[in-house]
Amino acid sequence: MAKAYTQNEFDSLIEKVENVDIWVQEYLKLAGYEKWARLYALVNRGWTMTSNIAESINATLVLARELPVYDILEEVRKMFGRWNCSNRKEASHTYTTLGKNTRRCLLWMRQYLHVVPSTEHLHMVNDEGRHYTICLLEKKCSCRRFQVDELPCPHAWAVLKSKLLMPEDYCSDYYKPKTVIMTYEVPVYPLLDRSE
């Protein structure tokens, strides 16, 4: 449900949950769909849907958890410093218009779909018997992935390929190395020696 793009998809999944346990469905509703479901998000979360980042950090700091407070905080600072530096370095050595993961995702989408143009910007794509409407001008697809992820969905990708257009021109700057570099622009500064 968290990753659903359409109301029908979400409703179908929530119905399955309801059939198993009505209280789970009620709990999820009380928690607020906007907090965990892409479909109800108040802001565009892009293509990243993750569980709590604290889980990843916690797993990395298993040994450090036994240390005194000052030492564990220093380990956390050093870990973030390493991650920040590593991510900034990787992004600054990317000489393509899209980041590595985004390129991989778009390449994975290469599949044959039947494209039927309607206008220069409006197309219909047949995908396994279902029809999707794509508007390149507005960067929208009726599957909703194009506008929500701000990255061409498989249907938009098929249209772009049929028109020999560059998918990079239809991706949000969020997926481009220059944005990733800006994300990690602020360094995690080393602290003075503990005695100071």
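What is the mean pLDDT of the protein, and what share of its residues reach 70 or more? In this predicted model, the mean pLDDT (the predictor's confidence in each residue, from 0 to 100) is 83, and 87% of the residues reach 70 or more. Where pLDDT is low, the predicted coordinates should not be read in detail.

Residues are numbered from 1 along each chain as its sequence is written, and side-chain values use heavy atoms, with hydrogens and water left out. As the model is predicted, local features need pLDDT of at least 70 and side-chain atom pairs count only at pLDDT 80 or more, whereas totals for chains, interfaces and linings use all residues.

The protein contains 9 helices and 4 strands, taken as DSSP runs numbered from the N terminus (helices H or I, at least four residues; strands E, at least two). From the N terminus on, the elements follow the order α-α-α-α-α-α-β-β-β-β-α-α-α. At the start of helix α2 (residues 22–31), a side-chain oxygen of D21 lies within 2.9 Å of the backbone nitrogen of W23. Helix α2 is followed by G32, which has a positive phi near 100°.

The 4 strands form an open antiparallel sheet in the order β1-β2-β3-β4; strands are paired if DSSP finds at least two bridges between them. Because β1 (114–117) and β4 (140–141) stand at the edges with a single partner strand each, one side of each is left without a neighbour in the sheet. Strand β1 is joined to the antiparallel β2 (residues 122–127) by 4 bridges, and V116 stands opposite M124 in β2.

Of the 196 residues, 32% are buried, that is, under 20% relative accessible area with a 1.4 Å probe, protein chains only. Among contacts (heavy atoms within 4.5 Å) between residues at least 6 apart in sequence, 51% join residues at least 24 apart.

Terms used: Polar contact = N/O pair within 3.5 Å; in protein donor to acceptor, adjacent residues only side chain to side chain. Buried < 20%, exposed > 50% of the residue type's maximum accessible area, 1.4 Å probe, protein only.
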